[in-house]
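Please read the points below with the model at hand.

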Amino acid sequence: MGSGIEPLVRFARRPRPYLPGSLAHCRWPLGTNLVEGINNKINVVKRMAYGFRDDAFFFLKIRAAFPGVRR
């Protein structure tokens, strides 16, 4: 910024709007791997529950697959 070279100053200003998201990622490093794992487990339960007509039972099976998670 202090150099005064216009292309360099523009380059230095580019990450500014993304700074809050970058800092949040540094504080709480969550990736999509947790979501992908949950989605995969739900798909496995869905394959095992093939043929059940009751949706409530299916959702109970999903809840049983994640015992430590509460609403």
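1. Basis of the note. The model is predicted, so local features need pLDDT of at least 70 and side-chain atom pairs count only at pLDDT 80 or more, while totals for chains, interfaces and linings use all residues. Residues are numbered from 1 along each chain as its sequence is written, and side-chain values use heavy atoms, leaving out hydrogens and water.

2. The buried side of α4. Helix α4 spans residues 55-65, and within it Phe 58, Ile 62 and Ala 65 are buried. Buried here means under 20% relative accessible area, exposed over 50%, and partly exposed in between, with a 1.4 Å probe and protein chains only. Helices are DSSP runs (H or I, at least four residues) numbered from the N terminus. Viewed down the axis of α4, the buried residues fall within an arc of 60 degrees, so they line one face of the helix; the arc is that of the directions from the helix axis to the C-beta atoms. An α-helix has 3.6 residues a turn, so residues three or four places apart point the same way.

3. The opposite side of α4. Leu 60 and Ala 64 are exposed, on the face turned away from the buried side of α4.

4. Rings of Phe, Tyr and Trp (its six-membered ring) pair if their centres lie within 6.5 Å; planes under 30 degrees apart are stacked, over 60 edge-to-face, and the rest tilted. The count by this rule is 1 aromatic pair. The ring centres of Phe 58 and Phe 59 are 5.5 Å apart and the planes lie at 55 degrees, so the pair is tilted.

5. Lys 46 belongs to helix α3 (residues 33-48) and is partly exposed at 47%. The C-alpha atoms of Lys 46 and Phe 58 are separated by 7.6 Å, although the two are 12 residues apart along the chain. Val 44 is also found in α3, partly exposed at 33%; its C-alpha atom is separated from that of Ile 62 by 9.7 Å.

Methods
Helix = DSSP H or I, 4+ residues; strand = E, 2+ residues; numbered from the N terminus.
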